[in-house]
Amino acid sequence: MTDKGITNWTSRDDAMVEHAIRRGATRRDLLRMFMAGGASILAGGTILGRATAALAATPVRGGHFKAAGWSSSTADTLDPAKASLSTDYVRCCSVYNRLTFLDEAGTVNMELADSIESSDATVWTVKLKSGVTFHDGKSLTSADVVYSMMRHLDENTGSKVNSIAKQMTAITAVDPLTVQITLAAANADLPTILAMHHFMIVADGTTDFSTANGTGAFKIEVFEPGVKSLMVRNENYFKADGAYLDSFEYFAIPDETARVNALLSGDIHLAASIKPQSMRLIETQSGIDLVKSTSGNYTNLNMRLDMEPGDKAGFIEGVKHLLNREAIQKSVMRGLAEIANDQPISPMSPYHNAELKARDYDPEKAKALFEKAGLMGVSIPVVASEAATASVDMATVLQQSGAEIGMKFDIQRVPSDGYWSNYWLKAPVHFGNINPRPTPDILFSLLYDTNAPWNESQYKSPKFDAMLIEARGELDFAKRKEIYGEMQVMVSNEAGTAIPVFLSNVDAKTSKLQGLKANPLGGQMGYAMAEYVWLEA
């Protein structure tokens, strides 16, 4: 024992203090106890701080966790293949598992898989954990994995990762706990790809997703699309610790002020995706913490190349020069962002092309480009929504810059409800919001390949498509980085997607909520928080 003023303090005494805190003892009560035992106030304070820290790091079982995201709709789904927004991801992460899982450092961990191995990065052998059961008691087998993977290849499924799954040319069950996946070409990223939310495992033959039968830490009790989800702990979960919470309730509060107020009033334990403008208020509140992470998500302005005005030469380049990135970084995001260069690979990635500089803010050059496109003075509708983080503020910055050179941008602010179904990918000029993805291959395959399901600006380049396949099979890091670097230049110059900044994600929570960590797959612990957090009494 080294605490000054106490010579006979033991670990048993530490446990006694932690127990007293759990039972509701106040700081004054404990300090009075220390002084009665001969400890100084300084020593007592040191012990108390250590006990409090130890208590915060010790998971506690029980409690009903209520959290609010920012977006939901009647299109909410329990089908992981169709999940397309954070609310879907949170729900699916609670009730299903993946073969692999990325931890906070971005390291691939095994989840339902016991091992995933290959000697050539083309033919992969997946060994499953034994003793895993679905919520209905059925045992996990290779047939479930084959069925789940094959669904992504069936066009009728509508999988959001169909273009990524297409590289899987054969998926076969070798024995009840072994699956072999053969790829069209070598891809060393397969274990990382399988950690994506969409590749969660459902039971063989599942077609009804009005409820969920997964292997996850929670069982679904109530699922009301666009309203809420209620889940209870799976007592038969295959992981030794299981979930700490008794139950978990998740819903969306699209209005950010209302979401923050719900947290401050104690109606919810976590408010996801807080704007920088709200942080000053939150930071002054006792009992409220902020969890920040910069993992590569971004809000982007999409100008479809197959529609007016994006099909007019010079318009998109003009907008990219008119976006005042520094103003967005410093004013809109209050510094919680990094300047981006119109391509999706963030500086956190080892494949980021640091030589590709962001375009200068140059209104006069933008004006010349708009005149060349014959659009000077034409009112351009820009669809924005609270559903796409900070998009309304970004649109306002663009509008103000346009006004200075006589270019009109008409901000059409639409509701969060239904935004991703009705406007995203569809409106000629609209905002998107892309969650982090762990590899360039996934980002490019989802968003820029000619047949990408989320090809936001309808960018089509046979050269780009060929390079994507080439990079996927290139096992030499330096060569792969060179290819990805050139692809970043291509989309920055040719695609109709403007990415002004990479956003820092900020979730606000009550101090009673413990265990929440940053994750490379996005906020709310990569949307998998429910399994890992706990509530202090």
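Tutor: What follows covers cysteines, salt bridges, helices and some backbone details of this predicted model.

Student: Cysteines first. How many disulfides does the structure hold?
Tutor: It holds 0 disulfides.

Student: Charges next. How many salt bridges are there?
Tutor: The structure holds 22 salt bridges. Some background: side chains of opposite charge can pair when their charged atoms come close.

Student: Take Asp76. Which residue does it form a salt bridge with?
Tutor: Arg91. The closest N and O atoms are 3.3 Å apart. Asp76 sits in the loop between β1 (64–69) and α4 (86–95), while Arg91 is in helix α4, so the pair ties together parts 15 residues apart in sequence.

Student: Is the Asp76 end buried or exposed? And what about Arg91?
Tutor: Asp76 counts as buried, with 7% relative accessibility. Arg91 is buried as well, with a relative accessible area of 3%.

Student: What is the N to O distance between Lys312 and Glu308?
Tutor: It is 3.6 Å, and the two side chains meet in a salt bridge. Lys312 counts as partly exposed, at 32% relative accessibility. Glu308 is exposed, with a relative accessible area of 53%.

Student: What does Arg359 pair with?
Tutor: Asp342. Their side chains meet in a salt bridge, 2.8 Å from N to O. Both residues lie in the loop between β14 (337–339) and α12 (363–372), so the bridge ties together parts 17 residues apart in sequence.

Student: Buried or exposed for those two, Arg359 and Asp342?
Tutor: Arg359 is buried, with a relative accessible area of 13%. Asp342 counts as buried at 0%.

Student: Which residues are linked with them in a network of salt bridges?
Tutor: Glu317 and Arg325. Together with Asp342 and Arg359, these residues are linked in a network of salt bridges.

Student: Switching to helices. How do α8 and α9 sit relative to each other?
Tutor: Helix α8 covers residues 256–264 and helix α9 covers residues 276–283. Their axes come within 11 Å and cross at roughly 20°. The two helices are therefore roughly parallel to each other. The crossing of α8 past α9 is right-handed.

Student: Which residues make the contact?
Tutor: From α8, Glu256, Val260 and Leu264. From α9, Ser278, Leu281 and Ile282.

Student: Why would residues with that sort of spacing end up on one face?
Tutor: In general, an α-helix has 3.6 residues a turn, so residues three or four places apart point the same way.

Student: How many residues of α10 are buried?
Tutor: Helix α10 (residues 315–322) is mostly covered, with 7 of its 8 residues buried. Among them are Phe315, Ile316, Val319 and Leu322. Lys320 and His321 are buried too.

Student: Backbone now. Where is there a cis peptide bond?
Tutor: Between Glu308 and Pro309, with omega about 0°. Pro309 is in the loop between β13 (298–303) and α10. Glu308 also takes part in the salt bridge with Lys312.

Student: Which residues other than glycine have a positive phi?
Tutor: Ala121 is one of them, with phi about 65°. It lies in the loop between β4 (113–117) and β5 (123–128). Ala121 counts as buried at 9% relative accessibility. Gln458 is another, with phi near 60°. Its place is in the loop between α15 (440–447) and α16 (462–473). Gln458 counts as partly exposed, at 24%.

Student: Why flag those?
Tutor: Most residues other than glycine have a negative phi, and most peptide bonds are trans.

Student: Last one. Where is Lys517 found?
Tutor: In the loop between β21 (513–514) and α18 (523–526). Lys517 counts as partly exposed, at 44% relative accessibility.

Student: What is Lys517 in contact with, leaving aside neighbours within four places in sequence?
Tutor: Glu104 and Met525. Lys517 and Ser293 are 8.8 Å apart, C-alpha to C-alpha, yet 224 residues apart in sequence.

Definitions and conventions
Residues numbered from 1 in each chain as written. Predicted model: local features only at pLDDT ≥ 70, side-chain atom pairs only at ≥ 80, totals over all residues. Heavy atoms only, no water. Disulfide = S-S within 2.5 Å. Salt bridge = Lys/Arg side-chain N within 4 Å of Asp/Glu carboxyl O. Helix = DSSP H or I, 4+ residues; strand = E, 2+ residues; numbered from the N terminus. Buried < 20%, exposed > 50% of the residue type's maximum accessible area, 1.4 Å probe, protein only. Axes fitted to C-alpha atoms, helices over the stretch in contact; angles between N-to-C directions. Parallel < 35°, antiparallel > 145°, perpendicular 65-115°, else oblique. Left-handed = near helix turned anticlockwise from the far one by under 90°. Contact = heavy atoms within 4.5 Å.
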